[in-house]
Amino acid sequence: MFDFFFSKTPEIKENTFFVWEPCSVNHSEVVPGFCRYLLDLGYHVSVILNPKHYKEGLFCRFRDENISYNKMSKRQIKLFFKNDDLSKIKGVLVTTAGKICDNVHYEQCYDVFNKNIDKKKIFIVEHKANFAIDEEKWDEKIITLNKLNYKGAKSTVVNPHYFGEINITPKNEKITNFAVVGTIRERKRNNELIINSVEKLYEAGYENFKVTVIGKGNLKNIPSKIRRFFDIKGRMPFNKMYDEIEKADFFLTSYDEEHPNHLRYITSGTSGNFQLIYGFLKPCVIKKSFCTVNGFDENNSVVYEKTTDYKDALIRCIEMKNDEYKTLQNNLSSYVKKLYDYSLDNLRNLINA
């Protein structure tokens, strides 16, 4: 357990803004970033989310005296929002709309709150914008993590990529460490591309690298001769995941626009991997078609155009000198600062509208 004070009743001050993550499984990684924006806007932030995420170290790197952590059950949260008119707070940021509505009819979001609440105080984040856009129910005031590239729809972009105090590390000198974060499933990435490329690296004589997998998975589908290059960590609590990401050199992505489930990363959604890349300033290996909308280019990432170029992209990473690596990090840092300032302005304008 980390050294935080937990309140069993929501702590409210004269300028309190609630950040509520109603999803008990996914999306909690965005919460620290949203808190950072609100803190920078001068609010006291009161956090409401599944208590297990505190134990997993979600806020282990986060230090700010103007944030409160509430330890409440689902029942306690439900009763609080139903019984309190929230007249004494500045607002509620709901970081996963899909848990309190059907991703289309956003008026349903207000049903979980007291009937007398000022609806202008409720702000929602959508991770699956395509459903409402398809039904022509979309509202530009809804927050998304990145710019939409879907049927001309617009949104309020607020990208949360702050995780707390982190170490920006140089490239490892002996072993290039590639990080893969997330469940090992084709819906998320092209695992076969990664495995085949590692095999090709080995056959070409490269052995000074490893692939650290942070997420569910095993070695059974990996050829025995290259298993030693894979370090399967399994699902990790946030504090240990942060440590592993700091040790890594590059993020491996393997998205393919020909894969239907990957298209959301360049149209109506985004990937948690991108938040980690921004937050930890880890250059990624990424296909060119996924670059522009997500802020990546050849100046801050290792870009490949065709799937057949993936192995060569990995070789470039392995052979990269630390000065070139540092340049990628600096350029990535410049983009991330612009993204932060842009997001902060968007949130400020949305709240003050």
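How many salt bridges does the count come to? It comes to 18. Keep in mind that this is a predicted model. I'll walk through three of the pairs.

Start with lysine 247 and glutamate 244. Their side chains meet in a salt bridge, at 3.7 Å from N to O. Both sit in helix 6, which runs over residues 238-247. Is glutamate 244 buried or exposed? It counts as buried, because its relative accessibility is 11% and the cut-off for buried is under 20%. This pair also belongs to a network of salt bridges. The network links Asp231, Lys233, Glu244 and Lys247.

Next pair. Which residue forms a salt bridge with lysine 287? Aspartate 256 does, and the closest N and O atoms are 3.5 Å apart. Now look at burial. Lysine 287 is buried, with a relative accessible area of 6%. Aspartate 256 is buried too, at 14%.

Last pair: glutamate 324 and arginine 316. Their side chains meet in a salt bridge at 2.9 Å, N to O. Here the setting is partly exposed. Glutamate 324 has a relative accessible area of 32%. For arginine 316 the value is 30%. Each counts as partly exposed.

One general point to finish. Side chains of opposite charge can pair when their charged atoms come close.

Note on methods: Residues are numbered from 1 along each chain as its sequence is written. This is a predicted model: local features need pLDDT of at least 70, side-chain atom pairs count only at pLDDT 80 or more; totals for chains, interfaces and linings use all residues. Side-chain values use heavy atoms; hydrogens and water are left out. A salt bridge is a side-chain nitrogen of Lys or Arg within 4 Å of a carboxyl oxygen of Asp or Glu. Helices (H or I, at least four residues) and strands (E, at least two) are DSSP runs, numbered from the N terminus. Buried means under 20% relative accessible area, exposed over 50%, partly exposed in between (1.4 Å probe, protein chains only).
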